[in-house]
Amino acid sequence: MNENMTHYDTIIIGAGVVGSSIAYHLSEKTSNILVIDRHFPGAGTSGATQAWVWVHTKQPNWYAEFSMYSAEMYPILKKKLVDIEYVRTGGIAPIFDEDKLAKARELVKGQQEKGIEIHLLSKEEALAKEPYLSDQIIAATYSPLDGNVNPMRLNQAYIQAARRRKVTFSFYNPVTQIQRRGRQFVIQTEKETYTAGQLVLAAGTWTPLLAQHLGVQVPVRPVRGQILITEPAPRFLKHTVSGVRQTVNGEVLIGYSKEEAGFAKDTTWDIIGETARFGIKIIPALRRLRLVRAFAGLRAMPRDGLPIIGPVQGVPGLFLAVMHSGVTLSPIAGMLMSEILAGEAPSFPLEPFRLERFHE
Amino acid sequence: MNCGWNRFADEFTIICRCEEVTRGEIETAISQGACTPDDIKRITRCGMGPCQSKTCRMPVMAIIAEFTGRPLSQVASPKARFPLFPVHLEVLATMPNRQNAEVIDILLHAIDNREQTGE
C-alpha cells in the first residue's frame with residue numbers, strides 16, 4: 001500500500017443516528033473527524049423505526065433511568081439543531097388483563113424509586129387523557145417523559161450541525177479492510193485508504209462484521225421489526241401509545257413485532273395482519289384508516305439487550321457504540337462517547353456498557 | 001429521453017404532488033450526497049405520500065440522471081413496498097396468521113423481562 005493515505009484523529013464508521021450524534025458532540029470538543037458509511041444516512045436502522053423517545057417500561061429500571069437522562073437532552077437538542085419534529089407527547093402503555101395489573105404496579109414502584117415520573121392510570125383516567133384508546137382497557141401506565149421524533153430529520157440534523165463544525169462525511173463508501181499498524185488504524189474503503197488514531201465502530205447491527213477485521217467479537221444480532229404506516233389523518237392521537245403513534249405529518253405508525261430473521265428486511269403477510277389487529281385492539285378508530293406502506297427494519301440487539309458503549313480492552317484506540325433504542329439513546333451516547341474520545345471522564349459510569357461483560 | 005422529462009421543470013416545479021416537493025429541493029438533496037430516489041425520499045419526503053412515488057418516480061430518476069450524468073438505466077428505482085394501493089386496516093386485519101407470528105405488547109414484554117432479570 002503505497003497510496004496516499006488521509007489521516008484523521010478520529011474516524012467513526014456508521015452515519016446513523018448514533019454515529020452522527022457522536023460526530024456532532026465530538027466536534028464541540030475536538031477537530032479532524034471523518035464519518036464513513038457504506039450507504040446513505042437513513043438507509044439502515046435509523047430510517048426504519050417508529051422513533052419513540054421512550055423511557056417508561058424499559059427494563060432493568062437503571063436502564064430506564066439511563067434512557068431518561070437521554071430523553072431529557074432532547075428539548076435542548078431541539079433548540080440547538082434544525083427542526084427534528086421532537087414532541088414530548090407523554091407515553092401510555094395500555095393494560096388489558098387483570099392478572100397483569102399487580103405486576104404493572106410493581107413496575108411503576110420500581111421506576112419511581114429511580115426518580116422516573118410514571119403513573120398507573122385507571123381506565124377512566126387513561127380514556128380522559130387519550131379518548132381514542134379502546135374502552136376494553138382496564139388501566140394503563142403513563143409517563144410524561146416519553147415522546148417521539150422524526151428519525152430522518154434527527155439524523156440529517158446531526159450531520160448538518162457536524163458539517164458546520166468541519167466534520168467530513170463520506171457516504172456510499174464501504175469499508176473493505178481494517179488493520180492496526182503501530183499506534184494507528186489503517187482503514188481501507190472502496191474510495192480511499194485512511195489512517196486514524198481513534199476508531200469508533202457505530203454501525204449498529206453490521207458492527208460485528210467490521211470488528212472481525214481486528215479480531216474482536218461483538219455479540220450483536222439483527223432483530224426484525226415490521227411497521228405499518230397509514231394515510232395522514234387529522235391529529236387525533238395526543239400521546240405516544242406503546243405500539244402506535246401519530247407523526248407531525250398526520251400518518252399513524254403501528255407495530256412492535258420482534259422476529260429473528262437474520263438480515264432479511266422483508267415484510268410478511270402474517271406480521272402485517274397481526275399488526276393491523278394489534279393496532280385496532282388498542283385504537284379501534286384505526287379500522288377505517290388506510291395503509292399506505294409497510295416496512296421492516298433491523299434492530300441492533302446486543303445479547304443482553306443493553307448498549308455497548310466505550311473502549312475495547314486490548315485494542316487501544318478502538319471504541320464501540322452499538323445499541324438498540326438508538327433514537328432514544330443517541331443524545332447521551334453521543335455525549336458520553338465525545339467525552340471519552342476527548343480524554344475526559346464520562347459523566348455517566350460506563351461500567352455496565354463494557355464489551356468485556358460478555359466474556360466474564 | 002432524459003431532457004424530455006425535465007425540459008419544462010424549473011426549480012419551483014412540484015415534482016412530488018403528494019408531498020409537494022419541488023425540483024429545487026430534490027437538487028439540494030442530490031448536492032448533499034443523495035444518489036437514489038430512496039435517499040431523496042429520506043431527506044425531502046418526496047415519494048412518501050399516498051401514491052408512494054407512482055407519479056414522481058420517473059421525473060425524480062430523470063433529475064438524478066441529469067445531475068449525475070449517468071444514463072437513466074443506471075439510476076436505481078425507488079423500493080416498491082406493500083400495498084400497491086391504500087387498503088383499510090380492517091381489511092388487513094382479516095388476513096390469516098399462518099406462522100403464529102407475534103406482535104408484542106410492550107408493557108407485558110417489560111413485565112416478562114422484569115421477571116427474568118429479577119430486579
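**Note on a predicted two-chain model**

1. The cover over the buried residues of α1(A) includes β1 (6-13), β2 (33-36), α6 (151-164), β11 (193-201), β18 (318-322) and α9 (326-341) of chain A. Helices (H or I, at least four residues) and strands (E, at least two) are DSSP runs, numbered from the N terminus. Ten of the ten residues of α1 (residues 17-26) of chain A are buried, so this helix is largely enclosed by the rest of the structure. Buried means that 20 or more other C-beta atoms, placed from the backbone, lie within 10 Å of the residue's own.

2. This is a predicted model: local features need pLDDT of at least 70, side-chain atom pairs count only at pLDDT 80 or more, and totals for chains, interfaces and linings use all residues. Residues are numbered from 1 along each chain as its sequence is written, with chains lettered from A and ligands numbered from 1 in the order in which they are written.

3. The contact between the chains takes 52 residues from chain A and 36 residues from chain B. Contact means C-beta atoms, placed from the backbone, within 7 Å. On chain B, α3 (37-44), β3 (87-88), α5 (89-92) and α6 (106-117) each supply at least two residues of the side that touches chain A. α6(B) gives the most, with eight residues.

4. Strand β16 (residues 290-302) of chain A pairs with β3(B) in the antiparallel sense, over two bridges. Pairing requires at least two DSSP bridges between the strands. A:R290 stands opposite B:H88 in β3(B).

5. Chain A is assigned domain 1 (6-48 + 152-219 + 304-359) and domain 2 (220-302). Bounds come from an automatic or database domain assignment. Their C-alpha centres lie 29 Å apart.

Notes: Two residues are in contact if their C-beta atoms, placed from the backbone, lie within 7 Å. A residue is buried if 20 or more other C-beta atoms lie within 10 Å of its own, exposed if 12 or fewer, and partly exposed in between; C-beta atoms are placed from the backbone.
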